Amino acid sequence: MEACRLSAKDIACRRGERLLFASLSLKLESGEALQIAGPNGMGKSSLIRILAGLLRPFNGTVEREGMAALLDEKPALDEYLPLGRALAFWDSIDREPAPLDRLGLADLVDVPVRYLSTGQRKRAAIARMIGQQAPIWLLDEPLNGLDRDAVSMTEELVADHCQAGGIAVIASHQAFDLQGMRTMKLEEFAL
Amino acid sequence: MNALAALLKRDLAHFLPGTRSGGTLLPLLFFLAVAMLYPFAIGPNPTLLAATGGGVIWVGALLAAILPLDRLLAADVQQGFFDQWALRGISEEVVVAIRLLAHWLSFGPFLMVAALPASALVGIDGETLHTVELGLLAGTPGLAAIGVIIAAITVGLRGNAALSGLLVIPLAVPILIFGAGALSTGGEGGLALTAAISLLLVAITPFAGGAAIRAARES
């Protein structure tokens, strides 16, 4: 995997009139993982989007080396297309087939995305993210809607990703089982 | 290059008539319905119909261009497609430029074909039809561009369909004046001005649309 690094310095985030958190800094090198914990509404998703470069921080800078992949509540798959063809669109952009077998999606390729359950959609989105081959994974509530088997499978996938030299940032209020993962409590930076 | 081809292919699969649940055929049927209703409303007076028919075709074309606006960009923003493209380094400007091309291809050429039966319905002669067709060729890219810009600006608003339709109408007035105006003067000046407005609108659309979509992310 290509070299990667993710660092943020002195980040502050404002949503509407409210300053959610401030003076947040983090640094991740190749192979490291970080969980961002905290109750709902603390700005976990906003921080993930700031790290992805999709949201401008109110203050501070983000530096990324290597492409970032984002997994959030939006699967970015065409609702009316069969799953196989919806993922094939991303395959043609990423030039890498999404790993359907590994996520237990092989039987669902002919099912239109709109008929998939929450957990199946999540797994499809994970497959899309893996296909992107990005060294930095930004996961926003990756375990939402997943059953117990899928949770351990996701944890395994993230562990493999970090083992291979990737970076993972996991924003979740749930426990995420991953060896060597640091935890950052977002409420410590709240105002 | 690969990614651009994939984007265009997906857009065409979405927007070309008949490719998806038939919803994209509606603007054309709507356009023909306007041309069909007009003689009923105005009465069977051939001279009056022939004198005003070209203008009605233009109004029908403008209204038909408004119909697909609500699903032009909003769905892709809501479902996170634009976020994923941005992460892959595909800028909003590129996506919007491709979307504009696909949007025009999905109604411009078809509208020009539908103008043939529509011209028979409103009873305009061959020479006027010729001017109408040329005008549509020059004007529909501009109408498509206005539609894409408005769709991008209203992307973050709930219930944006009616609002975007209202916003398009004043912006489309110049195209309508010169495009339909060419009918009464019969001159090429009107057509040339229509084409010039279209060209300008097409040129600014990727930048205006891209900026609007990025701004919607911050809200």
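This is a predicted model: local features need pLDDT of at least 70, side-chain atom pairs count only at pLDDT 80 or more; totals for chains, interfaces and linings use all residues.

Leaving aside residues up to four places away in sequence, A:Val158 touches A:Trp137, A:Leu139, A:Ala168, A:Ile170, A:Phe176 and A:Leu178.

Now widen the selection. A:Val158 belongs to the largest nonpolar core, which has 96 residues. Along with A:Leu83, B:Phe31 and B:Trp85, A:Val158 is among those with the most contacts inside this core. Colour helix 6 of chain B, residues 92–122, next: this helix gives the core 12 residues, the most of any contributor. Then look for a second, separate core of 30 residues, where you will find A:Leu6, A:Leu47, A:Leu54 and A:Ala68 among the members.

Next stop, the interface. Select the 25 residues of chain A and the 22 residues of chain B that make up the contact. The two chains bury about 2100 Å² between them, with 54% of it on carbon and sulfur atoms. On chain B, pick out B:Leu87, B:Arg88 and B:Glu218, which supply 32% of the area this chain buries against chain A, more than any other three residues.

Stay with B:Arg88 and show side chains. Which residue does B:Arg88 meet in a salt bridge? The partner is A:Asp94, at 2.7 Å from N to O. The count between the two chains is five salt bridges, and 11 residue pairs are in polar contact across the interface.

Terms used:
Residues are numbered from 1 along each chain as its sequence is written. Chains are lettered from A and ligands numbered from 1 in the order in which they are written. Side-chain values use heavy atoms; hydrogens and water are left out. Contact means heavy atoms within 4.5 Å. Buried area is the accessible area (1.4 Å probe) that two parts lose on being put together, summed over both. A salt bridge is a side-chain nitrogen of Lys or Arg within 4 Å of a carboxyl oxygen of Asp or Glu. A polar contact is a pair of N or O atoms within 3.5 Å; within protein, one must be able to donate a hydrogen and the other to accept it, and residues adjacent in sequence count only if both atoms are side-chain atoms. A nonpolar core is a set of buried Ala, Val, Leu, Ile, Met, Phe, Trp, Tyr and Cys residues joined through side-chain atoms within 4.5 Å. Buried means under 20% relative accessible area, exposed over 50%, partly exposed in between (1.4 Å probe, protein chains only). Helices (H or I, at least four residues) and strands (E, at least two) are DSSP runs, numbered from the N terminus.
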